[in-house]
Amino acid sequence: MNKQPKLPFWQVWNVSLGFLGVQFGFALQNANASRILSDLGADLHSLSLFWIVAPLMGLVVQPIVGSASDRTWNRFGRRNPYILFGAIAAALGMAFMPNAGIAVAFIAPILFGGVMLALMDAAFNVTMQPFRALVSDMVPSEQRTVGYAVQSLLINIGAVMGSMLPFILTNVIGLENTSRSGEVAPSVIWAFYLGASVLLGSVLWTVFRTKEYAPAEYNAYKGIDADAVARELAERKSLAQRLGGFFRLLVSMPKTMRQLALVQFFSWFSLFIMWVYTTPAITQHVWGVEAKWFDSHYLASVGEVPAHIAAAKGAAGDWVGIIFAAYSLFAALFSLVLARVANTIGRKLTYALSLLAGGVGYMSFMLFQGGEATQVNLLVTQVTVPSGAVGLLLPMLGVGIAWAAILAMPYSILSDALPASKTGVYMGIFNFTIAAPQIVSALVAGPILATLFDNQAIYIIMLAGVFMVCGAISVFFVREQEPVTASADGDGEAATA
């Protein structure tokens, strides 16, 4: 096996730059999808059911794309064709979702919005999985932690930009941030247009600035039997045989992947709750808007939403973008030192302490409620918000630390346990550990909110904190492995550590 050369720092940067745009789009979705769906008529307890399309798309799309990209070699590359196609489709979804009203003559706006959310998520997943595998393909083992840390940094830069954009368009540019019943605020619509442009531009940079290894080079660097690969690619298999092979891979996944799955369950269950319910949680808890103003039946009975309620919901929705930008900024800063911290105290301890910080952050949301009007200087503009809203920036420090670790540490730990010839499909399978907890969360969070918490969304955020702390504890059950040298069929050995 030939030694894979180290990449210059800026080439590691180019490999991951497209993720900045992907996360820019994700950030817009995460901070604004609940706001859009509520504006289009979704009830508070049903929001999580609309959001279920996100993990479902990941569950279906990523293993298929991962397996396909493992078997793809053409003049455009191995991963790059999927990255580019997914980015184009995601940009289209971003352009259409906030414009659900244009389809009112053919389909209910809330249904159209849900369909566009599904399209966006499917496309994001088509793009994201090959990006994960691209880092593993291009970056040698000794640079993996750095590679995934750079990826985490770029992800969070994109998230900061995407999260803040609607706020900036309202408070700096002057676009309206309130909406009429059944419509979406202009600031949100234009934010999605700009996000689609950033997504395409950054992905094009990665595609055209990253030259993937030719098959012979790749096989030599990864210790893969080229003849065995050729036989495997030439073999025609029925759908049943392919499904059988997939499930065999699923059953025989490395132990490290199984152990990480428990950590992933707790952490992604929590993240899903945050993305779905932060907007109603702070609208109620900080801005003092009663839960009935999130009830579609009540809204239908009163007709038009009072101006002060619409203004409060709009201001809270904008502030969600600010605090989401804050956790992404904290994550980006932590990403700068993440590799050094992990190399000093170990990847597992770094991962566990980071998740603990996130859990404490979620649970401390309860401490910040209402308060006097406070003027805040955000450099680009000044805004007046309740003092409790300003206080929410503190919990976001812990959430940001957890987010940076979630984006980097499990992949750094996992990549050493995977056979090189099956990295794409195993990274796709690993997405099950991201999608499954979100699906569970989507199914149970709404009923829990309605029946146990009387639609007071702040309590579901505290529940997210409890689950994140459980994730921190479960890290200590993960056993790390030395890098695997694999044949084409994915067999290989690794020493546990």
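## Helix pair α6 and α13

Helix axes are lines fitted to C-alpha atoms over the stretch in contact, and the angle between two of them runs from 0 to 180 degrees between N-to-C directions. In this predicted model, helix α6 (residues 144–173) packs against helix α13 (residues 307–345) at an angle of about 160°, and their axes are 8 Å apart. Because angles over 145 degrees count as roughly antiparallel, α6 is roughly antiparallel to α13.

The crossing of α6 and α13 is left-handed. Sorted by class, the residues in this contact are 16 nonpolar, nine polar and one charged.

## The chain as a whole

The chain has 497 residues, of which 60% count as buried. Its secondary structure consists of 19 helices and four strands. Among contacts with a separation of 6 or more, 81% join residues 24 or more positions apart.

## Helix pair α11 and α16

A further pair is formed by helix α11 (residues 255–285) and helix α16 (residues 395–415), whose axes come within 11 Å and cross at roughly 155°. The cut-off of 145 degrees therefore places α11 and α16 as roughly antiparallel to each other. Their crossing is left-handed.

On the α11 side, the contact is made by Thr256, Met257, Leu260, Gln264, Ser267, Trp268, Leu271, Met274 and Trp275. On the α16 side, Val399, Trp403, Ile406, Pro410, Ile413 and Leu414 take part. The class count for the contact of α11 with α16 is 12 nonpolar, three polar and no charged residues. An α-helix has 3.6 residues a turn, so residues three or four places apart point the same way.

Helix α4 covers residues 80–96. At 1.5 Å a residue, its 17 residues should span 24 Å, and the 25 Å between its end C-alpha atoms agrees with this. The buried residues of α4 are Asn80, Tyr82, Ile83, Gly86, Ala87, Ala89, Ala90, Ala91, Gly93 and Met94.

Helix α14 covers residues 347–363. Its 17 residues, at 1.5 Å each, should span 24 Å, and its end C-alpha atoms are 25 Å apart, which agrees. Buried in α14 are Arg347, Thr350, Tyr351, Ala352, Ser354, Leu355, Gly358, Gly359, Gly361 and Tyr362. The cover over these buried residues includes α6, α11, α13, α16 and α19.

Ser202 lies in helix α7 (residues 186–209). Its relative accessibility is 8%, so Ser202 counts as buried; the cut-off for buried is under 20%. Apart from residues up to four places away in sequence, Ser202 touches Leu17, Gly18, Leu20 and Gly21.

Ser387 belongs to helix α15 (residues 387–391). With a relative accessibility of 32%, Ser387 counts as partly exposed. Neighbours within four places in sequence aside, Ser387 is in contact with Gly370, Gly371, Glu372 and Thr374. The C-alpha atoms of Ser387 and Gln369 are 7.9 Å apart, and the two residues are 18 residues apart in sequence.

## The loop between α18 and α19

Asp454 lies in the loop between α18 (432–451) and α19 (458–474), and Asn455 has its place in the loop between α18 and α19. Asp454 is not a glycine, yet its phi is positive, at about 50°. Asn455, also a residue other than glycine, has a positive phi near 60°.

How exposed is Asp454? Its relative accessibility is 58%, so Asp454 counts as exposed; the cut-off is over 50%. Asn455, at 22% relative accessibility, counts as partly exposed.

Leaving aside neighbours within four places in sequence, Asn455 is in contact with Leu44, His45, Gln284, Ala291, Leu449 and Ala450. Of these, Ala291 is 164 residues from Asn455 along the chain, and their C-alpha atoms are separated by 6.3 Å.

Conventions:
Residues numbered from 1 in each chain as written. Predicted model: local features only at pLDDT ≥ 70, side-chain atom pairs only at ≥ 80, totals over all residues. Heavy atoms only, no water. Helix = DSSP H or I, 4+ residues; strand = E, 2+ residues; numbered from the N terminus. Expected span 1.5 Å × (residues − 1). Buried < 20%, exposed > 50% of the residue type's maximum accessible area, 1.4 Å probe, protein only. Parallel < 35°, antiparallel > 145°, perpendicular 65-115°, else oblique. Left-handed = near helix turned anticlockwise from the far one by under 90°. Contact = heavy atoms within 4.5 Å. Nonpolar A, V, L, I, M, F, W, Y, C, P; charged D, E, K, R; others polar.
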